[in-house]
Amino acid sequence: MPTPILVVDDSAMARKMLIKALPASWNVEITQASNGREAVAAYHAGKADVMFLDLTMPEMDGYAVLETLQHEGLDSFVIVVSADIQPLARERVRALGAAAFIKKPVDAVQIERVLREYGIEL
């Protein structure tokens, strides 16, 4: 059975690049969202066992998505993917429940390393 993956970024190009960088052997069903509101809706629809989440987006940013998940007691393996590499941003997303942080632009090696580090079957 494929793993439901949610890729959340307001940039269609960034979503496309991330999807191309996912391990080819990983059996996944990919859903995309262009903002945080769509991400939360997709989560509620069961589309986000693993979520790749950008921080800077219109309508509802990545921090607000993490806060919503935390507040509602929702469980998703969230990997933040952002160009904002400031230590404060990393600390804040960890405190909000993100499992990992990957710097943009992403590459396949980064993604696979993080997935394997956390024991996700590929």
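Is Asp54 buried or exposed? Asp54 is buried, with a relative accessible area of 5%; buried means under 20% relative accessible area, exposed over 50%, and partly exposed in between, computed with a 1.4 Å probe on protein chains only. The structure is a predicted model, in which local features need pLDDT of at least 70, side-chain atom pairs count only at pLDDT 80 or more, and totals for chains, interfaces and linings use all residues. Residues are numbered from 1 along each chain as its sequence is written, and side-chain values use heavy atoms, with hydrogens and water left out.

Asp54 forms a salt bridge with Lys104, and the closest N and O atoms are 3.3 Å apart. A salt bridge here is a side-chain nitrogen of Lys or Arg within 4 Å of a carboxyl oxygen of Asp or Glu. This pair links distant parts of the chain: Lys104 is in the loop between E5 and H5, Asp54 is in the loop between E3 and H3, and the two are 50 residues apart. Helices (H or I, at least four residues) and strands (E, at least two) are DSSP runs, numbered from the N terminus. Asp9 joins Asp54 and Lys104 in a network of salt bridges.

Lys104 has a further feature in its backbone. A cis peptide bond joins Lys104 to Pro105, with omega about -5 degrees. Pro105 is in the loop between strand E5 (100–103) and H5. Another backbone feature is at Glu59, which is not a glycine but has a positive phi of about 70 degrees. Most residues other than glycine have a negative phi, and most peptide bonds are trans. Glu59 is located in the loop between strand E3 (50–53) and helix H3 (62–71), and Glu59 is exposed, at a relative accessible area of 57%.

The count of salt bridges comes to seven. One of them is between Lys47 and Glu29, at 3.8 Å from N to O. Lys47 is in the loop between helix H2 (36–44) and E3, while Glu29 is in strand E2 (residues 28–33), so the pair ties together parts that are 18 residues apart in sequence. Lys47 is partly exposed at 29% relative accessibility, and Glu29 is partly exposed at 41%.

Arg113 is partly exposed at 48% relative accessibility, whereas Glu117 counts as exposed at 54%.

The rings come next. A search of the whole structure finds one aromatic pair. Phe77 and Tyr118 form this pair, which is edge-to-face, with 5.3 Å from centre to centre and 65 degrees between the planes. Rings of Phe, Tyr and Trp (its six-membered ring) pair if their centres lie within 6.5 Å; planes under 30 degrees apart count as stacked, over 60 as edge-to-face and the rest as tilted. Phe77 is in strand E4 (residues 77–82) and Tyr118 is in the segment after helix H5 (108–117), 41 residues apart. Phe77 is buried at 18% relative accessible area, and Tyr118 is partly exposed at 33%.

Arg92 lies over the face of Tyr63, at 3.8 Å from the ring centre; the rule requires NZ of Lys or CZ of Arg within 6 Å of the ring centre and within 35 degrees of the ring normal.
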